[in-house]
Amino acid sequence: MSDVPAVKAALKSQAVETPSWAYGNSGTRFKVFAQPGVPRSPQEKLDDAAQVHAFTRVAPTVALHIPWDRVEDYGALAKYAEERGLKLGAINSNVFQDDDYKLGSVTHPDPAVRRKALDHLLECVDIMDATGSRDLKLWFSDGTNYPGQDDIAARQDRLGEALTAVYDRLGDDQRMLLEYKFFEPAFYTTDVPDWGTAYAHCLKLGPKAQVCVDTGHHAPGTNIEFIVALLLREKKLGAFDFNSRFYADDDLMVGAADPFQLFRIMYEVVGGGGLTSGVAFMLDQCHNIEPKIPAIIRSVMNVQEATAKALLVDGDALAAAQRTGDVLGANAVLMDAYNTDVRPLLAEVREELGIGPDPMGAYRGSGWGGFWCGGGGGGRRGGGGA
């Protein structure tokens, strides 16, 4: 059986990074639903993130998105975070919202547009220097909609040139995380459509380039845990963007669609040493109809529960069943761990960390949400803008 003290120690050391954009207003392609008390600035987003960390003790970093979180003084923003018990995490670039990027950003046929996109990516590395951030996360919406629209191979050359320029700008302790998505918004070709494309570019670049696996960015039926296991084996898994999807899009709360899949992924992470090798466990979610902070707390808890179950797998029993070809026995070992109620174990872990055993209940009783919304002290925030 698993060593419970060791399981507890692993759970206490796990960190889940929350995204600044999840604290702001968001919606679907059809409507953004404003909520009262939503942050109006990066500083107010950090205030809310500090509440998530206070009630979970495992969410110490916050990812920023540029330009959504642009400020005059990033060093001051890092200090603001530190004063609230946080650090600034991954810097996410944005080369998909400007009109210039209609035909692509770093793969655009016009060198002037490519230069503009590259300058933004290099600006993000400058921001990393100022904030002390380790990771630059890159996602490109680049692609084509029609056959013949552009040269597929040439676009890969342009992508490689841009990634090389950014890679060469990274500091010794900084990393590039390349994310992929198999379609949308490009409908004929996507320039980084799968883990293989991301892996190929990262392999060519070097050890500071790694793949980010977004759990919602896969076709139905894709075995994500296989991708995770292979990238861990090759030491090229840099990060997760945790979320969940029911159809072709993502951004629902992690574990909402298929908690068993999340467990299977975390089992491969545990087995491949991903809990101790620097893999970043980040959330990439928007909360359109549910209150923001409780949804993020619940998401962090979902990752913890899947991790706890993965850590409880009886490795000796599983290995014995696998060696003897006991198919059902091996599967039963995994199912026993998955069906374990880990909530009492996690309650003990939280109490040992000095917080309440029920983060959701503790947050509800804190009055924080009521304060911002006017129910507990006149709330100073407005409900507009992310």
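Which residues make a nonpolar surface patch of about 390 Å²? Hold that thought for a second. First, a caution: this is a predicted model.

Now the patch. Phe246, Tyr247 and Leu252 make it. Take Tyr247. You will find Tyr247 in the loop between β11 (237-242) and α8 (259-271). Its relative accessible area is 70%. The cut-off for exposed is over 50%, so Tyr247 counts as exposed.

Next, the barrel. Eight strands form a closed barrel, in the order β1-β4-β5-β6-β8-β10-β11-β12, and the pairing is parallel. From one strand to the next, the twist averages 30 degrees. A quick reminder: strands of a sheet pair through backbone hydrogen bonds, either parallel or antiparallel.

Let's zoom in on one pair. Strand β4 covers residues 61-65, and strand β5 covers residues 87-92. These two strands pair in the parallel sense over four bridges. Look for His65: its bridge partner in β5 is Asn92.

Last topic: cysteines. A disulfide is a covalent bond between the sulfur atoms of two cysteines. Cys202 is in no disulfide either. For Cys202, the nearest cysteine sulfur is again that of Cys212, at 10 Å.

Buried or exposed, then, for Cys124? Buried, at 0% relative accessibility. Cys202 is buried too, with a relative accessible area of 1%. Thanks, everyone.

How values were computed. Residues numbered from 1 in each chain as written. Predicted model: local features only at pLDDT ≥ 70, side-chain atom pairs only at ≥ 80, totals over all residues. Heavy atoms only, no water. Patch = residues over 30% accessible without salt bridge, like charges linked within 9 Å, V, L, I, M, F, W, Y side chains within 5 Å. Areas by Shrake-Rupley, 256 points an atom, 1.4 Å probe, with all protein chains shown as cover. Salt bridge = Lys/Arg side-chain N within 4 Å of Asp/Glu carboxyl O. Buried < 20%, exposed > 50% of the residue type's maximum accessible area, 1.4 Å probe, protein only. Pairing = 2+ DSSP bridges. Axes fitted to C-alpha atoms, helices over the stretch in contact; angles between N-to-C directions. Disulfide = S-S within 2.5 Å.
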